[in-house]
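Student: I have a fold open on my screen and I'd like to learn how to read it. Could you walk me through it, feature by feature?

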Amino acid sequence: MLNVAIKAARAAGSLINRASLDVDLLRVSTKSPNDFVTEVDQMAEQAIIEILLTAYPGHGILAEESAHACAKNSEYVWIIDPLDGTTNFIHGFPVYAVSIALAFRDQVQQAVVYDPTRNDMFYASKGRGAFLNDKRLRVSSASAWPSR
């Protein structure tokens, strides 16, 4: 399931990268004050949903940009933010990501955060640790505050 989420995140990231070349041509709508949505958010979300439901047609979907609800009674639910950082994106500030998680019985089991501008893939599986581009992430042993 993690590999499918990574595939979906990369597909959405590819769409986002292409759109970032012509941000000034995008249609932008306001959901609420300082909360925007673009056609890229919607296209990326649709690409993610298509990949996930092709692999797991019985799974549920909780998506930020649509009321897409599939298999509402499924114990598996994909949680999707196709363009986390839309405001940065529309202002040309390259700090945004694709976020996808999978919950089983309301407990997150898998999570992926993909930064398409840097091609950085963060991912984690419950009980197996977190990784950045296949390198295990660990808590630093460095002290946060210098001793006096």
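Predicted model: local features only at pLDDT ≥ 70, side-chain atom pairs only at ≥ 80, totals over all residues.

Student: What share of the residues counts as buried?

Tutor: Of the 148 residues, 39% count as buried.

Student: And which elements does the chain have, in what order?

Tutor: There are three helices and nine strands. Reading from the N terminus, you get α-β-β-α-β-β-α-β-β-β-β-β.

Student: How do I read a sheet?

Tutor: Here's the general idea: strands of a sheet pair through backbone hydrogen bonds, either parallel or antiparallel. In this model, seven strands make an open sheet in the order 3-4-5-6-7-8-9, and the pairing is mixed. Strand 3 (60-63) and strand 9 (135-136) are at the edges with a single partner strand each, so one side of each has no neighbour in the sheet.

Student: In which sense do strand 3 and strand 4 pair?

Tutor: They run parallel, with four bridges between strand 3 and strand 4 (residues 76-84). To find the spot on screen, look for L62, which stands opposite I79 in strand 4.

Student: What packs on the sheet?

Tutor: Helix 1 (residues 2-20) does, touching strand 4, strand 5 (97-104), strand 6 (107-115) and strand 7 (120-125). Its direction makes about 30 degrees with that of strand 6. Helix 2 (residues 39-55) also packs on the sheet, touching strand 3, strand 4 and strand 5, and its direction makes about 150 degrees with that of strand 4.

Student: How many residues lie between strand 6 and strand 7 in their hairpin?

Tutor: Four, and N119 in that turn has a positive phi of about 55 degrees. The two strands pair in the antiparallel sense over six bridges, and D115 has D120 in strand 7 as its bridge partner.

Student: Let's zoom in on S99. Is S99 buried or exposed?

Tutor: For that call, buried means under 20% relative accessible area. S99, in strand 5, has 16%, so S99 is buried. Its side chain makes a polar contact with the side chain of D84 (3.4 Å). Beyond its neighbours within four places in sequence, S99 is in contact with residues including I79, I80, V112 and V113.

Methods: Residues numbered from 1 in each chain as written. Heavy atoms only, no water. Pairing = 2+ DSSP bridges. Contact = heavy atoms within 4.5 Å. Axes fitted to C-alpha atoms, helices over the stretch in contact; angles between N-to-C directions. Buried < 20%, exposed > 50% of the residue type's maximum accessible area, 1.4 Å probe, protein only. Polar contact = N/O pair within 3.5 Å; in protein donor to acceptor, adjacent residues only side chain to side chain.
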